[in-house]
Structures are given as C-alpha cells and as structure tokens.
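Keep the sequence and the model side by side.

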Amino acid sequence: FTVEADRCIKDLTIITEYVGDVDYLSNREDDYDGDSMMTLLHASDPLQCLVICPDKRSNIARFISGINNHTP
C-alpha cells in the first residue's frame, strides 16, 4: 500500500497518531513480520526499549513512509 498527499504538507504537521500495542523491543527481536514497528522509547538499557507494534491494531499511519521526516 502507498499513501500520497494531494498537496504539500508543511514540516512538523501532525497527520495521524501511530497506533498499535506497546511492547519491549526484546520481546519482538525475532518478529519477522515487524516491518512496521516504530520506536516509542530508546533507552540506554536495551531491555527497557519500547516499540509500537501494529500487527493486531493499527491505522493509516502504518502505511505513511517517513512519518517523522522533516527538514530543520
């Protein structure tokens, strides 16, 4: 799937919230279907890193490439 805007979107514009279940990254390291996981919390302790996993619950944000991209 792809999503394409029909006009320019200003930098830092919120389009949608990323939806899914929150889990520890260590529980999902062997999840081969996790190509749409998004980092929620990157901690210095790898066992405390959290990700949002849209495998059971999700919305259109899963299909928007570069959702966090912006120019400084």
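Is Arg28 buried or exposed? Arg28 counts as buried, because its relative accessibility is 12%.

A word on the source. The model is predicted, so local features need pLDDT of at least 70 and side-chain atom pairs count only at pLDDT 80 or more, while totals for chains, interfaces and linings use all residues. Residues are numbered from 1 along each chain as its sequence is written, and side-chain values use heavy atoms, with hydrogens and water left out.

Now the layout. Read from the N terminus, the order is β-α-β-β. Helices (H or I, at least four residues) and strands (E, at least two) are DSSP runs, numbered from the N terminus.

The three strands make an open sheet, ordered β1-β3-β2, with antiparallel pairing. Two strands pair if DSSP finds at least two bridges between them. β1 and β2 (38–41) are the edge strands; each has a single partner, so one side of each lacks a neighbour in the sheet. From one strand to the next, the twist averages 40°. Axes here are lines fitted to C-alpha atoms, for helices over the stretch in contact, and angles run from 0 to 180 degrees between N-to-C directions. Four bridges join β1 and β3 in the antiparallel sense. Look for Val22, which stands opposite Ile52 in β3.

Next come the charges. Side chains of opposite charge can pair when their charged atoms come close. A salt bridge is a side-chain nitrogen of Lys or Arg within 4 Å of a carboxyl oxygen of Asp or Glu. The whole structure contains four salt bridges.

Return to Arg28. Asp23 forms a salt bridge with Arg28, with the closest N and O atoms 2.9 Å apart. Both Asp23 and Arg28 are buried. Arg28 also meets Asp55 in a salt bridge, at 3.0 Å from N to O. Arg28 sits in helix α1 (residues 25–28) and Asp55 in the segment after β3, so this pair ties together parts 27 residues apart in sequence. Asp55 is partly exposed, because its relative accessible area is 41%. Together, Asp23, Arg28 and Asp55 are linked in a network of salt bridges.

What does Arg57 pair with? Arg57 forms a salt bridge with Asp21, and the closest N and O atoms are 2.5 Å apart. This pair links distant parts of the chain: Arg57 is in the segment after β3 (50–53), Asp21 is in strand β1 (residues 21–24), and 36 residues separate them. Asp21 counts as partly exposed, because its relative accessibility is 21%.

Leaving out residues up to four places away in sequence, Arg57 touches Val19, Gly20 and Asp21. Contact means heavy atoms within 4.5 Å. Arg57 and Gly20 are 37 residues apart in sequence, yet 4.9 Å apart in space, C-alpha to C-alpha.

Finally, zoom out. Among contacts between residues at least 6 apart in sequence, 63% join residues at least 24 apart. Buried residues make up 17% of the 72 residues in the chain. The accessible surface is about 6100 Å², and 51% of that belongs to carbon and sulfur atoms. Accessible areas come from the Shrake-Rupley method with a 1.4 Å probe; for residues, only the protein chains shown count as cover.

How values were computed. Buried < 20%, exposed > 50% of the residue type's maximum accessible area, 1.4 Å probe, protein only.
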